[in-house]
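Keep the viewer open as you read.

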Amino acid sequence: LIDTEGVDAADIAYYFVHWLTDLAGAVPTPKGGAEKFVVHFPLPVLASFIRSFAVVQRLSSTSPTLLLEEYLHEVWPLQLGAPPIGDTAIALMRLVVQAQTVPEQMSVHSAFLTLPEEQKQVLATELALTGVSG
């Protein structure tokens, strides 16, 4: 739809804010407000979701594959040094970024580095697939 209809960045941002408010109201409680975010939603996940708004808006002018790569570089944890390079970089970045806290990200990073090369290559191949043309 973004490619064929020329969706504007502001429309994408509006959609994500609407989605956020839908999530907030998913489990309403009388007089208690929207407890979904306060009680049931991990803060790192919510913070990551909100930070993603600025990135997702760029779908109006950037290919999904390129945008994912840019996003992975932007959110790479500074505690792990520079983002990785090479044929396993995307796999490592995708796995690390999915972990929601720095200690978990460090554990994933360490575990990946200890994998046999053959297993790293399998992950590199599988996690490089986007399902998106181009």
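The axes are lines fitted to C-alpha atoms, for helices over the stretch in contact, and the angles run from 0 to 180 degrees between N-to-C directions. Helices (H or I, at least four residues) and strands (E, at least two) are DSSP runs, numbered from the N terminus.

A word on what you're looking at: this is a predicted model, in which local features need pLDDT of at least 70, side-chain atom pairs count only at pLDDT 80 or more, and totals for chains, interfaces and linings use all residues. Residues are numbered from 1 along each chain as its sequence is written, and side-chain values use heavy atoms, with hydrogens and water left out.

How confident is the predictor? On pLDDT, its confidence in each residue from 0 to 100, the chain has a mean of 83, and 84% of its residues reach 70 or more. Confidence is lowest in helix H1 (residues 2-5), with a mean of 63, and highest in H7, at 96. Where pLDDT is low, the predicted coordinates should not be read in detail.

Now the overall layout. The chain has 8 helices and 2 strands, and from the N terminus the elements run α-α-β-β-α-α-α-α-α-α. Of its 134 residues, 28% count as buried, where buried means under 20% relative accessible area, exposed over 50%, and partly exposed in between (1.4 Å probe, protein chains only). Taking contact as heavy atoms within 4.5 Å, 46% of the contacts between residues at least 6 apart in sequence join residues at least 24 apart.

Start with helix H2 (residues 9-24) and helix H4 (residues 43-56). They pack at an angle of about 165°, with their axes 9 Å apart, and are therefore roughly antiparallel to each other. H2 passes H4 in a right-handed crossing; a crossing is right-handed if the near helix is turned clockwise from the far one by less than a right angle, and left-handed if anticlockwise. From H2, the contact draws on Ile12, Phe16, Val17, Trp19 and Leu20, and from H4 on Leu46, Phe49, Ile50, Phe53 and Val56. By class that is 10 nonpolar, no polar and no charged residues. The classes go like this: Ala, Val, Leu, Ile, Met, Phe, Trp, Tyr, Cys and Pro are nonpolar, Asp, Glu, Lys and Arg are charged, and the others, Gly among them, are polar.

H4 also holds alanine 47, which is partly exposed at a relative accessible area of 27%. Alanine 47 sits 53 residues from glutamine 100 in sequence, yet their C-alpha atoms are 9.8 Å apart in space.

Next, move to helix H6 (residues 89-98), whose buried residues are Ala89, Ala91, Leu92, Met93, Val96 and Val97. What covers them? The cover includes helix H5 (64-75), helix H7 (102-114) and helix H8 (117-128).

Take H7 as a partner of H6. The two pack at an angle of about 150°, their axes 8 Å apart, which makes H6 roughly antiparallel to H7. Their crossing is right-handed. Ala91, Leu92, Leu95, Val96 and Val97 of H6 make the contact with Gln105, Val108, His109 and Phe112 of H7. This set divides into 7 nonpolar, 2 polar and no charged residues.

Valine 108 is partly exposed at 27% relative accessibility; setting aside residues up to four places away in sequence, it touches Leu95, Val96 and Ala99. Histidine 109 counts as buried at 15%, and, with neighbours within four places left out, it is in contact with Trp76, Leu80, Leu92 and Val96.

H8 meets H6 quite another way. H6 and H8 pack at an angle of about 75°, with axes 8 Å apart, and that makes H6 roughly perpendicular to H8. Ile90, Ala91, Arg94 and Leu95 in H6 meet Leu123, Ala124 and Leu127 in H8, giving 6 nonpolar, no polar and 1 charged residues.

Finally, look at threonine 88, in the loop between H5 and H6. Threonine 88 counts as buried at 15% relative accessibility. Beyond residues up to four places away in sequence, threonine 88 touches Phe112, Lys120, Gln121 and Ala124.

How values were computed
Parallel < 35°, antiparallel > 145°, perpendicular 65-115°, else oblique. pLDDT = per-residue confidence, 0-100.
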